Amino acid sequence: MPGMNSGLNVDDPTVVAAFRSALLHQAIIALAIFAVLSVVWVSVRERHDAGTAGAEGAARCPAEPAGHRVLRIGFGLLWLLDGLLQVQPGMAAGLPSRVIEPAAAGSPAWVQHLINWAGTAWSYHPIQAGAAAVWIQVGIGLWLLAAPRGISGRLAGLASVAWGLIVWVFGEAFGGIFAPGLTWLLGAPGAALVYVVAGGLLALPDRSWRTPRLGRAVLAGFGLFLMGMAVLQAWPGRGFWQGSQNGQPGTLTGMIQSMTQASQPRFLYDLVSGFESVVRGNGFAVNLVAVIALAAIGVAFLTGRRAVIRPALAAFVLLCLADWVLVEDFGFLGGLGTDPNSMIPMALLAVGGWLALTRTAEPAAVAVAGTAGTATAAAPAGAGGGPAAGPDTAVPDTAGPGGAEPDTAGTGWRDRVRPTALHRWVTAATFGTMISLGAFGVIVLGAVPMAAAQATPTASTILAESIDGPAAPINIPAPDFTLTDQDGKPVTLSSLRGQVVLLTFLDPVCVSDCPLIAQEFRQAGQLLGPSDPHVKLIAIDVNPLYSQIDYVRAFDRQENLGGIADWKYLTSSPARLRQVYHAYGVPAETLPAGAMLGHNDIAFVIDAHGELREELDFDPGPGTAATESSFATELADAATQTLHSS
Amino acid sequence: MISNAQPITRQRRARSWRSAASTSAPVRRRARAGVLAAGAVLAAGTGLAACGSSVSRPAEAAPSAPAAAALSAMSAAPIANATWATVPMGAVAGPNEFWQLFRLPAGNSRWALETPPDIATNGAILLAGQSGPGGGGAAGKAGGGATAATLTAGVRPSLDLSFSPITTTADGGHSWVTLPPESGLANQADALAAAPDGHLIALSQDHTADVFSGGNGSWTTLTSEHSLAAAPGARSCALTGLTAAAYTPSGTPLLAGTCGRPGTAGIFSDTGGTWHQTGPALPAALAGRTVQVVRLTRIGTQDVALLEAGGPPDASLLAAWTSDGGQHWALSPVLRLGGSYAVSASFGGSGGVAVVLAGNRGATLAGPGNSWRQLPALPAGHAVTLALPAAGTIDALAADGGTLTAWQLRNGSATWSKTQAINVPIQYGSSS
């Protein structure tokens, strides 16, 4: 997919170093956020009467439902793990090519177009994008872990939904549901979608978790899904019934085979390749087991009968674990793994649904200590161990962070944001609330720089610097010359005093680098915009054999440079051109056997006084859209800085 | 942790819930019906999804008429007292494939590398020979009045180069003089031709025929495929595409193409601004076949055409010669190709023709009045060009990576003899 890939080596040292540096700086800011919140919280609580605070903050909340807790903690930890996986050094430069692009392979053109947009956006700003993925996921994980209930907990669930959807669409190409070869065994319909569902459940009001209806609905939905997956798995002609065919691996065999090629410990490789051999030799039997298992478990979930669901759930969890090891190969080993794939989230979701069906929270009122710092209200006696009995003691859905909140009945929003109300709120807030706030701050820490970067249409200069290094400062008079432009008019460098000149050397019959450099100059010209009259973009024909004006004109037409107001492509006689090459240290070497003229790719920045200020190594590298934009930005920035300092 | 503080309770009337077991029967039945209905819908949807997401079968190719494929630009021809040959070397395709130009001086036995410098030849090199005095010609003027016979080379567009540099040499490749670039030579072996006076004609990839008259001029459009097809003198051909450009010995432009009307050889000459059909009348055996002029070139004082009638599995080749601009043609016997097809063609000084056929085979024709001769299996190589440097001598230039091996088949011999090996310093990676 054109444009998506920055073209850089995944382990490019410049990008890796910049990524690490950005993460380190942002980690310090994140720690500062937590430190400030902690100091504020402790200070306010110490000033206020601790006993009063405890009494006012007494939790009147029932215990967190077991299903809710399993989902919250389970997916909180998963988001944390996913965030930490994003810290891999190669993630910044490698995610589009190693993760996004393969995920979209085989999908329809409209999906690939969508994915290409996202991949290109990442390629343009790899540092900010990589860091954003880290902090957003870490923040969501912390938030889920710290906010067991109330508005904060629901918002954490919504955050999980929002980011999960983004990952599902752009990172997993809709979980591959539009590509051939869809199978539950390898993660259909996408791990991120499971995160979305879990987040949605966590975002439901507390009262939804007080009855078995939710659990029943979750399991019924799961049942329908698994039955659908069984149908898909059983569908003929998709290659799953054959372990091998005509010497070629069947669909499932091939998928497992690709897993064995990931870098992983030897014992794991042996395990997975052993299973691959089993599937290759017994494809029909393996698929039959998978189909029957999925269908049976699905039907069991649909019945709603606990006696049937319990063993089915156990079987489902075992099936998930087995698939996670033998087929998905733990999901994140080798290459750039971003998450442990779908089996663990699926198992968590099923267990959560079961607990929601069988273990709703004890609705009876509870007496809790007024001690500050008790993040979760004490569980009612016996709660969490069996079905509740008796009337609910419901808690208002607008319970504040940590569930402890002063009685604000009858107050408007203006009253709630008054300093006294805020003071009371902070006093009553629990430690978990502060962590939740901090977690939200971490999410913002990741999201804002990326959003700001996306507001600019050009790529980060880090790409150009990683290919060619930074510009080399020089400070000598630029050698003068008089050459002829593409319109046949004479141009003397000294006549351009008062303007900044961006100078390069281009071969008009070049087949690769020079057209790319010309496009970078063209983009730089467009970026300079209002500064344009004070900046001249000049190229000198570096091929003495092809120095006729017809060739520079043909090149200008080819590269659509006619619309750039201050573009000059200069040429002259071979002898005069060689004098200019010598003055600027530009070699022009004839190479044998049909190779184009050998010359270096270089650009100079000449200030308004005619002084050479910078020399940029301008090898365009892979010539992707991202690197072209990056070089153009580097050039425009150099011109602007020189203009302002002249 | 539970403390001794006064319990604070807040109760509100809540709907009591019942276990699943105690749900009333009608409710259970309705619930089950709904679930089953949803399940049926889901299964149907899944089935549709399975159909859509099944391992994709390749779309069945729509039946289509056999396409007339252009011959490769690999070729050899006698120009300027030497035999020149073009061969692709390096990689089989892509930015590491570089076309090379070789020269065998008349009477010499050693080929020499003479690829034009300072231009990447990832696109094919097309040759045009200007025989005779070149004082008034384009190359002569551009070269400051050179009068020797001139070779003109054009390089086809490739990679990021979208136009065609044109360069000439009058001293056997030791030095080159540049002419104005052409907008982009078409992918035809005879897309470039030179008149005896040095004028040039080119087929462009935008389906026009352009001419260059020399001096400080530039390329101008002579005609277009569309205009030629509509010309009164050419209408009966039902032209479907231009395939070759040439000049008669008197300097009249010739264009060739594929006629939609069966049994018609599409060769046209421009007389005073009017195009008229001037191709040979074909044997009755080819009356019902679509005929493509795959080569048309001037060799000395005659124009030579190579015609391909029909296509696999029933293609035939036919050569034709004319010395008077197409008024009279001499035809060769028909060479039936069966399931094979022509890959490239080369020409000799006396109008001889050598054809490389698919399957590492070849055939030659000594000239008008002669019969086709099948050649022994050609030497191995990823690209093989035949050359006819002298009467009775056939050279095969076989390229394999950066090595060119010259083989020779002498008169009466049934085996190829290796005569020379040239290591060409291919500059891999220089174009990427």
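## Cysteines and cavities

In this predicted model, the sulfur atoms of B:Cys237 and B:Cys259 sit 2.0 Å apart and form a disulfide. The pair joins distant parts of chain B, 22 residues apart. B:Cys237 lies in the loop between α3 (225-230) and β13 (239-247). B:Cys259 belongs to strand β14 (residues 253-259). The torsion about the S-S bond is about -105°, so this disulfide is left-handed. Both B:Cys237 and B:Cys259 are buried. Over all chains, the count is one disulfide.

A disulfide needs the sulfur atoms within 2.5 Å. The table gives the accessibility of each cysteine.

| Residue | Relative accessibility | Class |
|---|---|---|
| A:Cys510 | 1% | buried |
| A:Cys514 | 0% | buried |

The model has six cavities of 30 Å³ or more. How much space lies in the second largest cavity? The volume is about 70 Å³. Residues of chain A line this cavity, among them A:Ala478, A:Asp480, A:Leu493 and A:Arg497. A:Ile606, A:Asp607 and A:Gly610 are also part of the lining. By type, the lining residues of the second largest cavity divide into five nonpolar, three polar and three charged.

Conventions
Residues are numbered from 1 along each chain as its sequence is written. Chains are lettered from A and ligands numbered from 1 in the order in which they are written. This is a predicted model: local features need pLDDT of at least 70, side-chain atom pairs count only at pLDDT 80 or more; totals for chains, interfaces and linings use all residues. Side-chain values use heavy atoms; hydrogens and water are left out. Helices (H or I, at least four residues) and strands (E, at least two) are DSSP runs, numbered from the N terminus. Buried means under 20% relative accessible area, exposed over 50%, partly exposed in between (1.4 Å probe, protein chains only). On a 1 Å grid over the protein atoms alone, a cavity is a set of points where a 1.4 Å probe fits but cannot get out, and a pocket is an open set with protein on both sides within 12 Å along at least five of seven lines; lining residues have an atom within 4 Å of a point. Grid points are joined across faces, edges and corners, and a volume is the space filled by probe spheres set on the points. Ala, Val, Leu, Ile, Met, Phe, Trp, Tyr, Cys and Pro count as nonpolar, Asp, Glu, Lys and Arg as charged, and the others, Gly among them, as polar.
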